[in-house]
Amino acid sequence: ALDWQRFSVVGLGFSVAKPKNLDRAVMSQFGSTSNALNRIRELGYRRIAFASRSWTIERTQGRWLAAYLLFQAMNPDIEAIPHFEFEYDGTEEGRLKDWININQPDAILADWHLYNLLTKCGISVPGDVSIALLDLLPSQPEYATLAGNDQRFESVGSAAVEMVAERINRNERGLPGESHVLKIVGRWVDGPSLPPV
């Protein structure tokens with residue numbers, strides 16, 4: 001019901017589903033995941049797994065998972081491990097333990113929720129399995145021992161503000177006829193949860 005013609009509008013991330021045709025500043029989920037997987041490989045890991053909540057796969061429009069599947073296809077020396085999709089609803093511990101026992105990953109690229117799930121299951125990081133996070137927040141103390149992608153929210157936010165300012169300066173109001181997306185690639189952060197092999 002909002003009268004878009006009165007505003008200079010820019011979306012922040014892909015989470016804003018409606019309206020669809022917004023100019024946006026986003027974290028490059030596909031590019032950042034590809035960079036993370038390549039870094040994990042550089043550190044010597046060959047049984048690299050991917051895990052994510054179903055909700056996150058939907059929210060990222062499959063970009064994290066797509067990067068993982070392409071990485072597997074392009075790197076035949078890496079073991080093809082099926083991804084682990086979960087809900088984080090308190091009933092996943094058994095499924096996670098079974099998945100790890102069957103697939104024996106030596107490193108998992110996942111989000112914070114899987115790290116918490118590993119901890120709940122008594123699985124030692126990096127003793128039993130190494131982990132890197134797709135959603136690392138390096139400024140937060142609880143992430144201090146973890147490796148992964150800094151999503152650079154400050155850079156994404158700055159880019160969105162610049163896009164709004166540009167639209168205001170050009171006197172552009174309303175929804176664009178052709179939308180543009182500015183992608184910011186995450187910054188990799190090494191950490192003790194993913195030591196070199």
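Two strands count as paired if DSSP finds at least two bridges between them. Helices (H or I, at least four residues) and strands (E, at least two) are DSSP runs, numbered from the N terminus. The model is a predicted one: local features need pLDDT of at least 70, side-chain atom pairs count only at pLDDT 80 or more, and totals for chains, interfaces and linings use all residues. Residues are numbered from 1 along each chain as its sequence is written, and side-chain values use heavy atoms, with hydrogens and water left out.

**Exercise 1. Work out the order of the strands in the open sheet, and find its edge strands.**

Step 1. Let's start with the order: this open sheet of three strands reads 1-2-8, with parallel pairing.

Step 2. Now look for strands that pair on one side only: these are strand 1 (11-12) and strand 8 (181-184), the edge strands.

Step 3. Zoom in on one pair. Strand 1 and strand 2 (residues 24-27) run parallel and are joined by two bridges. Take Leu-12: its bridge partner in strand 2 is Ala-25.

**Exercise 2. Find which strands helix 6 touches, and its angle with strand 2.**

Step 1. Contact means heavy atoms within 4.5 Å. By that rule, helix 6 (residues 153-169) packs on the sheet and touches strand 1, strand 2 and strand 8.

Step 2. For directions, axes are lines fitted to C-alpha atoms, for helices over the stretch in contact, and angles run from 0 to 180 degrees between N-to-C directions. Helix 6 makes about 170° with strand 2.

**Exercise 3. Track down the residues Gln-104 and Asn-171, give the phi of each, and say how exposed each one is.**

Step 1. Most residues other than glycine have a negative phi, and most peptide bonds are trans.

Step 2. Gln-104 has a positive phi, near 50°. You'll find Gln-104 in the loop between helix 4 (93-103) and strand 5 (107-110).

Step 3. Asn-171 also has a positive phi, near 55°, and lies in the loop between helix 6 and strand 8.

Step 4. On to exposure: buried means under 20% relative accessible area, exposed over 50%, partly exposed in between (1.4 Å probe, protein chains only). Gln-104, at 46%, is therefore partly exposed, while Asn-171, at 58%, is exposed.

**Exercise 4. Locate the peptide bond between Val-125 and Pro-126, and give its omega.**

Step 1. The bond joining Val-125 and Pro-126 is cis, with omega about 5°.

Step 2. Pro-126 sits in the loop between helix 5 (112-120) and strand 6 (130-136).
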